[in-house]
Amino acid sequence: MNKDIKILITNIKYLIESIKTRRFHLNLVLLSGLLLVPLQQSRSEEIFLKCVGTYEINRGALIKPDWETSYLTINLDGLLSTIEDKGIKKEGRTLIRRNLYTITHRDNRNSVKNIYKINGNHGTYSVESPQRNRTLIGTCQKGRG
């Protein structure tokens, strides 16, 4: 009986040692796989534009200039795009059809504040403000971001 216990204890020790070495090899394989595979960022491709436009209706002599400059960052995956207009950052949903980009900016009550339409072929853009009944028309140039 005592001999069987010694054999059992020896087998248990051998089993524990083999599990430890297997675990070490498994960890080594996983660690080397993590180091060899480059980490990729999950950012989508974006276009940076600088757009300058004037209002459609001539409002006469003003104290402020009649033109506005907007900086647009268009997300090509059709997600949220950002608009920097007069130092204020806004976000809007992007709809892409061929080379026409439409960004819809909404307020807190989910009503449409501005609709930005950019034509990539001609480099033109327009901003329609349904709440204020104004339209801004201008041109865009690619920027560096």
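A disulfide, as the term is used here, is a pair of cysteine sulfur atoms within 2.5 Å. Before I apply that criterion, please note that this is a predicted model, in which local features need pLDDT of at least 70 and side-chain atom pairs count only at pLDDT 80 or more, while totals for chains, interfaces and linings use all residues. Residues are numbered from 1 along each chain as its sequence is written, and side-chain values use heavy atoms, with hydrogens and water left out.

A search of the whole structure returns 1 disulfide. The partners are C51 and C140, with sulfur atoms 1.9 Å apart. C51 belongs to strand β1 and C140 to strand β8, so the pair ties together parts that are 89 residues apart in sequence; strands are DSSP runs (E, at least two residues), numbered from the N terminus. The torsion about the S-S bond is about 100°, so this disulfide is right-handed.

Are these cysteines buried or exposed? Buried means under 20% relative accessible area, exposed over 50%, and partly exposed in between, with a 1.4 Å probe and protein chains only. C51 is buried at 0%, and C140 is buried at 14%.

I turn now to the nonpolar core, a set of buried Ala, Val, Leu, Ile, Met, Phe, Trp, Tyr and Cys residues joined through side-chain atoms within 4.5 Å. The largest such core has 15 residues, and L49, L72, I74, Y116, I118 and Y125 have the most contacts inside it. Strand β1 (46-55) supplies the largest share, 4 residues.

Finally, Y125 is in contact (heavy atoms within 4.5 Å) with residues including C51, I118, L136 and C140, leaving aside its neighbours within four places in sequence.
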